[in-house]
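Hello,

Here is the structure I promised to pass on to you.

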Amino acid sequence: MSVFREVRIELDGKEYWFTPSNKMLRRIDAGLAPQTLLGVVGTMDGKNVPLPALAYIISEMVREGGGTVDEDSVLASLYDDLTNNGGEGIGPLVQCIGECITPPGATEKNLPSPAKTGGKKSRRG
């Protein structure tokens, strides 16, 4: 039994599903040291997003969902999104991180709501 709910992350037009775990969150924290996942999320204010840390977090989540990606290619995608899309694609990625760290039992309406996220697609239907 997992205390976490299944999460969908979309990167470069591909969709990945995974269920976060405490082990995954600790692995991300270890990779961010001396920063932490919550510390990085706490610094995001819409204007000041730590892209290298964000790229690492996203790459770990995509790998957890079965994808093969490295953080440098994710960082390149983030920079490309900022340059060519005004950073609109970063909001949904940050929301996905929020879904991973939202306390168990939290309702959908209490999730962090960064920039536009678009409609939520269900993989089951």
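This is a predicted model: local features need pLDDT of at least 70, side-chain atom pairs count only at pLDDT 80 or more; totals for chains, interfaces and linings use all residues.

Ser 73 sits in helix α4. Its C-alpha lies 8.4 Å from that of Ala 55, although 18 residues separate Ser 73 and Ala 55 in sequence.

Now to the interior. In soluble globular proteins, nonpolar side chains tend to be buried together. Here, the largest nonpolar core is made up of 32 residues, and Ile 9, Leu 54, Ile 58, Met 61 and Leu 78 have the most contacts inside it. At least two residues of this core come from each of β1 (7–11), β2 (14–18), α1 (22–32), α2 (37–43), α3 (51–64), α4 (71–85) and α5 (90–101). Helix α3 gives the largest share, with nine residues.

Setting aside neighbours within four places in sequence, Met 61 touches Ile 9, Phe 18, Ile 28, Cys 96, Ile 97 and Cys 100.

Finally, the strands. β1 and β2 run antiparallel and are joined by five bridges; in one of the pairings, Arg 8 has Trp 17 of β2 as its bridge partner. The two strands β1 and β2 make a hairpin with two residues between them, and Asp 12 in the turn has a positive phi of about 50°.

Happy browsing, and do write back with any questions.

Best wishes

Conventions:
Residues are numbered from 1 along each chain as its sequence is written. Side-chain values use heavy atoms; hydrogens and water are left out. A nonpolar core is a set of buried Ala, Val, Leu, Ile, Met, Phe, Trp, Tyr and Cys residues joined through side-chain atoms within 4.5 Å. Buried means under 20% relative accessible area, exposed over 50%, partly exposed in between (1.4 Å probe, protein chains only). Helices (H or I, at least four residues) and strands (E, at least two) are DSSP runs, numbered from the N terminus. Contact means heavy atoms within 4.5 Å. Two strands pair if DSSP finds at least two bridges between them.
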